[in-house]
Amino acid sequence: MRRWPCGGCRRLRVVGRVAEAALLCSPPVDPRLRAERERFIEAARKADDDAALYALKVEFLGKKGSLSKLRSVMRDLSPAERKAFGRDFNTVKDEIEALIDARRKELAKRRRAEELARWEDVSVVLDPVPRGALHIVTQTWRRLERVFENMGFTVHDGPHVEHGKTNFDDLNIPPDHPARDMQDTFFVVPPTDDGWERVLRTHTSPVQIRTMLAGPPPVRVVALGQVYRRDDDATHTPMFHQIEGLYVDRDVSMADLKATLYHFVSAVFETDLDVRFRPSFFPFVEPGAEFDVRCPFCKGDGCSVCKRTGWIELGGSGMVHPAVFEAVGYDPEEVSGWAFGFGIDRMAMLLHGVSDLRLLFDGDQRFLEQFPC
Ligand code: PHE
């Protein structure tokens, strides 16, 4: 809305929305001026953008515009008529200018309102958007990978459906070994023409075989992945994750194994922690040992996590058995090596203080959300 003094009647007039333009001035007496004024009001109603308004201005008020042309009629009027005509002429001209101005503002306002309706208000506070995170096992998996990569190990993988020979025989696990019992193994395909069954790999150790068959020593690899056993209780799930380590070269000793495990454990738990070996038996290593780490929670004083022993059992390890070297064509007189294997899930539980293995695989958001990364 705009208030402006009427050039003709000197009263204040209100010029507003053109569509309903109600001009308070009395219309001009001269019929030609009156007609021009009506024509303009009608045309202004249809003008929908700035360009159309500009064209209207030129059409009516331009030097050669229709209103300007009417000026010439003044020549034929008496002085009194000319005075009245001149006053009305100026009033109509002012009206037209004011209406064009008002209409332009009205269009700008409408455009802005439309734009605002399209925009999102960035100042509005929204509900928090839920963020996904890597699973606690994946986080641990990547952490282990990084530590071993930093020590110069390469990451390898193997198939989950494994050849019976690679999963057992090449690893010196004889046919009557308990690990081959139906209780432990998921058999996928009974013995085929080649005489071998296919199984879901029961550990990551077959990747040792695949790695050594693929190339000559030296090798320094880790393999992380899912393994499967027919087991299901608070400390066992049918699928779980293992990390396997294998280092083969000339003159590799058990001392290298212990140093590597010591460094690895300290890097993962971010504090110096002792490791120890306990003699144990695995068919594919000799000597074999289980390795324990000083309990990261009580530092050895004894707590519920380590069952008051001060130590936590991590996995199996040992020097690669000569029979395994022979199965892959390595000369046990020339090279020696060590291997280890342990559960990634158990490591995740230790790192995050989780007590029930099954929680890791239930997929319960309320549990998983507690470990963002
Ligand atoms: N494969 C063994 C297991 O699953 C662990 C292991 C790996 C032991 C390498 C010794 C050497 O229990």
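The legends below describe close-up views of a predicted model.

**View 1. Helices α8 and α10 pack against each other at an angle of about 45°.** Helix α8 covers residues 254–269 and helix α10 covers residues 344–352, and their axes lie 11 Å apart. Angles from 65 to 115 degrees count as roughly perpendicular and those under 35 as roughly parallel; the two helices are therefore oblique to each other. From α8, the residues F264, V268 and F269 meet M347, L350 and L351 of α10. By class, this contact has 6 nonpolar residues, with no polar and no charged ones.

**View 2. F264 and its contacts in the largest nonpolar core.** This core has 41 residues, of which L144 and F264 touch the most other members. Elements that each supply at least two of its residues include α5 (136–150), β7 (219–228), β8 (239–249) and α10. Helix α8 gives the most, with 6 residues. Leaving aside residues up to four places away in sequence, F264 touches L144, V147, F148, M151, F342 and M347.

**View 3. An open sheet of 3 strands in the order β4-β6-β5.** The pairing is antiparallel. Strands β4 (161–163) and β5 (187–189) stand at the edges with a single partner strand each, so one side of each has no neighbour in the sheet. From one strand to the next, the twist averages 40°.

**View 4. The pairing of β5 with β6.** Strand β6 covers residues 198–200 and runs antiparallel to β5, with 2 bridges joining them. V189 stands opposite R198 in β6.

Notes: Residues are numbered from 1 along each chain as its sequence is written. This is a predicted model: local features need pLDDT of at least 70, side-chain atom pairs count only at pLDDT 80 or more; totals for chains, interfaces and linings use all residues. Side-chain values use heavy atoms; hydrogens and water are left out. Axes are lines fitted to C-alpha atoms, for helices over the stretch in contact, and angles run from 0 to 180 degrees between N-to-C directions. Helices (H or I, at least four residues) and strands (E, at least two) are DSSP runs, numbered from the N terminus. Angles under 35 degrees count as roughly parallel, over 145 as roughly antiparallel, 65 to 115 as roughly perpendicular and the rest as oblique. Contact means heavy atoms within 4.5 Å. Ala, Val, Leu, Ile, Met, Phe, Trp, Tyr, Cys and Pro count as nonpolar, Asp, Glu, Lys and Arg as charged, and the others, Gly among them, as polar. Two strands pair if DSSP finds at least two bridges between them. A nonpolar core is a set of buried Ala, Val, Leu, Ile, Met, Phe, Trp, Tyr and Cys residues joined through side-chain atoms within 4.5 Å. Buried means under 20% relative accessible area, exposed over 50%, partly exposed in between (1.4 Å probe, protein chains only).
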